[in-house]
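User: Hi, could you walk me through a structure I have just opened? I am new to this, so please take it slowly.

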Amino acid sequence: MNPFQKELAHNTYFRTLPKYVQETIMQSSIQFHSEEELRTCAENLMRGN
């Protein structure tokens with residue numbers, strides 16, 4: 001697991017996301033390597049994409 005992924009639950013942006021987005025991300029097998037990747041995914045989830 002990469003360092004960003006290991007600390008995902010402590011990421012400031014991640015912690016501001018709605019709980020359903022956090023849970024969806026944590027239950028998925030998506031590997032994030034940067035906050036930019038996380039933001040893109042979260043925005044897509046919140047838009048329903």
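User: Where does Asn 2 sit?

Analyst: Asn 2 lies in the segment before H1, and please keep in mind throughout that this is a predicted model.

User: Is Asn 2 buried or exposed?

Analyst: Asn 2 counts as buried, because its relative accessibility is 14% and the cut-off for buried is under 20%.

User: Which residues does Asn 2 touch, leaving out those up to four places away in sequence?

Analyst: With those sequence neighbours left out, Asn 2 touches Gln 31, Phe 32 and His 33. With His 33 there is also a polar contact of 3.3 Å, which joins the side chains of the two residues.

User: OK, moving on, where is Asn 11?

Analyst: Asn 11 is found in the loop that runs between helix H1, residues 3-6, and helix H2, residues 12-16.

User: And is that Asn 11 buried or exposed?

Analyst: Asn 11 has a relative accessibility of 11%, so it counts as buried. Not counting residues up to four places away in sequence, Asn 11 touches Phe 4, Glu 35 and Leu 38.

User: What lies 2.9 Å from a polar atom of the Asn 11 side chain?

Analyst: That is the backbone nitrogen of Phe 14.

User: What about His 10, buried or exposed?

Analyst: His 10 is placed in the loop between H1 and H2, and it is exposed, because its relative accessible area is 57%, where exposed means over 50%.

User: How far apart are His 10 and Ile 30?

Analyst: They are 20 residues apart in sequence, and in space their C-alpha atoms are 17 Å apart.

User: Switching to helices now, how do H3 and H4 pack?

Analyst: Two packed helices are described by the angle between their axes together with the distance between those axes. Helix H3, residues 19-27, and helix H4, residues 35-47, pack at an angle of about 120°, and their axes are 10 Å apart. That angle makes H3 oblique to H4, and the crossing of H3 and H4 is right-handed.

User: Which residues meet there between H3 and H4?

Analyst: From H3 come Tyr 20, Val 21, Thr 24 and Ile 25, and these meet Leu 38, Cys 41, Ala 42, Leu 45 and Met 46 in H4.

User: How many of them are nonpolar, polar or charged?

Analyst: By class, the contact of H3 with H4 has eight nonpolar residues and one polar residue, with no charged residues.

Definitions and conventions: Residues are numbered from 1 along each chain as its sequence is written. This is a predicted model: local features need pLDDT of at least 70, side-chain atom pairs count only at pLDDT 80 or more; totals for chains, interfaces and linings use all residues. Side-chain values use heavy atoms; hydrogens and water are left out. Helices (H or I, at least four residues) and strands (E, at least two) are DSSP runs, numbered from the N terminus. Buried means under 20% relative accessible area, exposed over 50%, partly exposed in between (1.4 Å probe, protein chains only). A polar contact is a pair of N or O atoms within 3.5 Å; within protein, one must be able to donate a hydrogen and the other to accept it, and residues adjacent in sequence count only if both atoms are side-chain atoms. Contact means heavy atoms within 4.5 Å. Axes are lines fitted to C-alpha atoms, for helices over the stretch in contact, and angles run from 0 to 180 degrees between N-to-C directions. Angles under 35 degrees count as roughly parallel, over 145 as roughly antiparallel, 65 to 115 as roughly perpendicular and the rest as oblique. A crossing is left-handed if the near helix is turned anticlockwise from the far one by less than a right angle, and right-handed if clockwise. Ala, Val, Leu, Ile, Met, Phe, Trp, Tyr, Cys and Pro count as nonpolar, Asp, Glu, Lys and Arg as charged, and the others, Gly among them, as polar.
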